[in-house]
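Q: Please take a close look at one part of this structure. Which aromatic rings pair up, and where do they sit?

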Amino acid sequence: MPYFRKGDCITVGNERIVVEKFLSSGMQADVYRIVNFDRKKHMVIKHLYGDYCSNKKLFYRKVKLLSTHPAPHARLIWPQAVSEFDEKTGGFVYLMDELSEYDPIAMLMKDPERLPMGQKLEICKQMAEVFSSLANKGFIYSDVSGTNICYGIAPDGRVDVRVLDCDNVSLRGESLGLAGTGLFRSPQVLLGASPTEMSDVYA
């Protein structure tokens, strides 16, 4: 059951928004399309709840800190504003740009023939650029998966990669209990080590 309903008015940071519709739900979060009156455009909010992290307040402070800094790369769908922490539920909401008409790389992994080799290589190149920019600025993504990296193909064939779920991003040496997604975990993470830049490379 979605936490928010169509027409709900909430404040995220200092920004006034109205929920337009529920988009999706996972084990630890709901995603909604919203109207941002202050920016006069559609955006998306992610509502985290449940057991999304072993140290929820530290995770919240980290996402709030991320929102005060520019994204290390333009292809990252970065947290832009963060609500107050809900002491009752242990949850919070953050605001990000809307992304539409993009497919998760999981679809390409299941059907490699859906794109020609040139476009697949361009996807890999853009992914490498994003994760290199994170590592160069002391960040670790921590939870690469087939659904949080997406790609779009323009009518002229140009490829555009976007990386979602940037609440996963942490500073080098920071441990928040994130272990990554099964298929993409490095051997070291499977054995209990915290994610690093090299586990991002492996993923």
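A: What follows covers the aromatic pairs and the core beside them.

This is a predicted model, where local features need pLDDT of at least 70, side-chain atom pairs count only at pLDDT 80 or more, and totals for chains, interfaces and linings use all residues. Residues are numbered from 1 along each chain as its sequence is written, and side-chain values use heavy atoms, without hydrogens and water.

The structure holds 8 aromatic pairs. Rings of Phe, Tyr and Trp (its six-membered ring) pair if their centres lie within 6.5 Å; planes under 30 degrees apart are stacked, over 60 edge-to-face, the rest tilted.

Take Phe-22 and Tyr-32. Their ring centres are 5.7 Å apart and their planes stand at 70 degrees, so the pair is edge-to-face. Phe-22 lies in strand E2 (residues 15–25) and Tyr-32 in strand E3, 10 residues apart. Strands (E, at least two residues) and helices (H or I, at least four) are DSSP runs, numbered from the N terminus. Phe-22 is partly exposed, at 36% relative accessible area. Tyr-32 is buried, at 0%. Buried means under 20%, exposed over 50%, partly exposed in between (1.4 Å probe, protein chains only). Ring pairs join Tyr-3, Phe-4, Phe-22 and Tyr-32 into a cluster.

Now Phe-131 and Tyr-141. Their centres lie 5.6 Å apart with planes at 85 degrees, so this pair is edge-to-face. Phe-131 is in helix H3; Tyr-141 is in the loop between strand E8 (139–140) and E9. Phe-131 is buried at 16%, and Tyr-141 at 0%. Tyr-141 is also among the residues that Leu-134 touches, where contact means heavy atoms within 4.5 Å.

Key:
Lists of a residue's contacts leave out its neighbours within four places in sequence.
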